[in-house]
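Good morning, and thank you for coming. Please have the sequence and the structure open while I talk.

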Amino acid sequence: MAAVIERETVEHVARLARLRLGPEEVERMRQELSGILEHIELIQSLELDDVPPTTHVVALQNVLRDDTPRPSLPRELALREAPAVAHDGFEVRGWIETHA
Amino acid sequence: MTEPLWELTAERAIGLIGGGELSAEELTAAFADRAGNDPWAAFLAIDREGALERARRIDAATERPPLAGVPIGIKDVLSTRDLVTTAGSRILEGFRPVYTATCVERVEEAGAVVLGKTNMDEFAMGSSTENSGYGPSRNPWDPDRVPGGSSGGSAACVAARQVPWSLGSDTGGSIRQPAALCGIVGMKPTYGAVSRYGLIAFASSLDQVGPLARTVRDTALLLSHIVGHDPMDSTSLEWREPIVLPDAERVDGLRVGYVEELMGEGVQVGVRTSVRAALDRIEDLGGTLTPVSLPNTEHGLATYYLIAPAECSANLARFDAIRFGAAPPEAGGLVEQYERARGEGFGREVKRRIMLGTFALSSGYYDAYYGQAQRVRTLIVRDFARAFEQVDILASPTSPTVAFPLGERTDDPYSMYLADVCTIPVSLAGLPAISIPCGLSEGLPVGLQLTGPAFSENRLLDVAHALEAAIGFDERPEGLR
């Protein structure tokens, strides 16, 4: 059976998902995803152009609430589980490189 | 009393406490002793002291709450304030939530005592608990076999009489399938019946919290305390008709359809035999039995394994090691931190599903995979709608097999996915379903799944209760005789 997924596709999707995979993991993932997709692809042959998609099974109207203030989590509690805290906020590593 | 306290159902325990014959503290201590000895690895954490303290407070109170201090196990995917909650993942090792899930808050307000957090497949992805980052649970009927999953710990602890009941979550069968494999009752309510606030999200259009217990009446009692709208979850529904304790002895006039697609090949012969025998009881009780076809059942797995991973790939984006979780040491920039924290913190199945979901949603593949799956989901919803024009409830096996040996399916992801072939279509349609034990095959329990239209919980519970009595399943794991 021909491979459904190429190695490059696995590496691209892993980047999109922000997952670091080792070289062996990439190969195993390629094989496993290809195997799963072989089963999944059976539904692609169904003619469904006139069938609407289901995104949610319960017919709900958009829900609006009154815009009234109410208490929220205290800051210390919200920050309690963070691995790094700075200036009363979550500490995030540099994103844009600076060149002095 | 000659019978040990841990043999008590919740209903009987509440009666004894109400009659002054038993204290909540004595009851909690008896279950805590049993939970403390846990060869099944049903629990990830046990809060013995906290539970005893709350039981003592209930004993001392002037007014006794309805659940009277009966202990409960909580699946580790439900947040419990200050009590470590990992969802079975190493990425959340040591994580202490800052708030409690609404459903847990509600059972605590009703007087249930949280005894501990139960083991599960990582982020509820799996059918055996073998994907737990903390090692698998074992089936009390045979410790070399899986208890099912993902709520395997919640099922094993009830089967092993470590608690009389527990809460689990069900996305594609994660309450019903382990309940079946462990010989207990488990119910997935209608989508939206129970608040998902504080439930660590896997696939938001499918996730639903529900009860596991040894009797249908205990299942109903627990469910009655968790349904209803919660302002913190805008998809939770107003519950107009309260859940009542079932007492039906007959099902006169009830039209039951058995699902043809789930009674043939692909289902173990012993499972079929046991389910057929249970179906005969329906006729004894005054119901009628007709075959019903759900023609798109064969597309259920493929549809589910696109929709659920797609939703999970978005939901699990929050695990970034910035707001919670352990940051990898000496990571360089932000992207490297994300990639390493997630690459090292997630287990194999979780990574597989994130990859599958990200792929299905990615540019160029969206329509062919995710879009197509949403259309097939419509066909599955229509199958059920058509069936419920002919019959009142549907019956099928809960699982195509009895509990399988540990390690048998871990190297072949798709063979593991097949464990949920009977439960997934129901989840895709958002319908309520209950699994009750209906017999043994090869000495292991078989589950019967009953499915109804949306909001038919009370009827399902009534039918399940009448059948439970007619089947008279009183088998128990060898070690518990």
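A cavity, as I use the word, is a set of grid points where a 1.4 Å probe fits but cannot get out. Rolling a probe the size of a water molecule over the atoms shows where empty space is left. What we are looking at is a predicted model.

How many cavities of 30 Å³ or more does the structure hold? There are 4. The largest cavity holds about 70 Å³ of space. Its lining is made up of B:V259, B:L262, B:L294, B:F384, B:L394, B:A395, B:S396, B:C422, B:P425, B:V426, B:Q449 and B:T451. By type, 9 of the lining residues are nonpolar, 3 are polar and none is charged. Three elements of chain B, namely β9 (393–397), α14 (424–428) and β11 (444–451), each supply at least two lining residues. The largest share comes from β9(B), with 3 residues.

Which residues of α8(B) are buried? They are B:V271, B:S274, B:V275, B:A278, B:L279 and B:I282. Looking down the axis of α8(B), you find these buried residues within an arc of 145°, so they line one face of the helix. That set packs against β7 (255–259), β8 (288–292), β9, β10 (433–441), β11 and α15 (457–471) of chain B. After α8(B) comes B:G286, with a positive phi near 105°.

Now for helix α11 of chain B, residues 348–361. From first C-alpha to last, its 14 residues reach 20 Å, close to the 20 Å expected at 1.5 Å a residue. Of these 14 residues, 12 are buried, so α11(B) is largely enclosed by the rest of the structure. Among the buried ones are B:E349, B:K351, B:R352 and B:R353. What covers the buried residues of α11(B)? The cover includes α1 (7–16) and α2 (23–40) of chain A, and from chain B α9 (300–315), α10 (334–345), α12 (367–390) and α13 (413–417).

From α9 of chain B I have picked one residue, B:T303. It is buried, with a relative accessible area of 0%. Not counting residues up to four places away in sequence, B:T303 touches A:I43 in chain A, and in chain B it touches B:A373, B:V376, B:R377, B:I380 and B:L428.

Beyond α9, in the loop to α10 of chain B, sits B:A321. Its phi is near 60°, a positive value in a residue other than glycine. B:A321 counts as buried, at 6% relative accessibility.

Another residue that is not a glycine but has a positive phi, of about 70°, is B:F455. This residue is in the loop between β11 and α15 of chain B. Is B:F455 buried or partly exposed? At 44% relative accessibility, B:F455 counts as partly exposed.

B:F455 is also one of the residues that B:P432 touches. B:P432 is in the loop between α14 and β10 of chain B, and at 0% relative accessibility it counts as buried. Other contacts of B:P432 include B:K188, B:P189, B:T190 and B:L450. B:L450 is 18 residues from B:P432 in sequence, with 8.5 Å between their C-alpha atoms.

My last stop is a peptide bond. B:G149 and B:S150 are joined by a cis peptide bond, with omega about 10°. B:S150 lies in the loop between β3 (113–118) and α5 of chain B. Helix α5, residues 152–159, contains B:G152. B:G152 counts as buried, at 0% relative accessibility. Leaving aside neighbours within four places in sequence, B:G152 is in contact with B:N119, B:T129, B:P147 and B:P178.

That is all I have; thank you.

Conventions
Residues are numbered from 1 along each chain as its sequence is written. Chains are lettered from A and ligands numbered from 1 in the order in which they are written. This is a predicted model: local features need pLDDT of at least 70, side-chain atom pairs count only at pLDDT 80 or more; totals for chains, interfaces and linings use all residues. Side-chain values use heavy atoms; hydrogens and water are left out. Helices (H or I, at least four residues) and strands (E, at least two) are DSSP runs, numbered from the N terminus. Buried means under 20% relative accessible area, exposed over 50%, partly exposed in between (1.4 Å probe, protein chains only). Contact means heavy atoms within 4.5 Å. On a 1 Å grid over the protein atoms alone, a cavity is a set of points where a 1.4 Å probe fits but cannot get out, and a pocket is an open set with protein on both sides within 12 Å along at least five of seven lines; lining residues have an atom within 4 Å of a point. Grid points are joined across faces, edges and corners, and a volume is the space filled by probe spheres set on the points. Ala, Val, Leu, Ile, Met, Phe, Trp, Tyr, Cys and Pro count as nonpolar, Asp, Glu, Lys and Arg as charged, and the others, Gly among them, as polar. The expected span of a helix is 1.5 Å times one less than its number of residues. The arc is that of the directions from the helix axis to the C-beta atoms.
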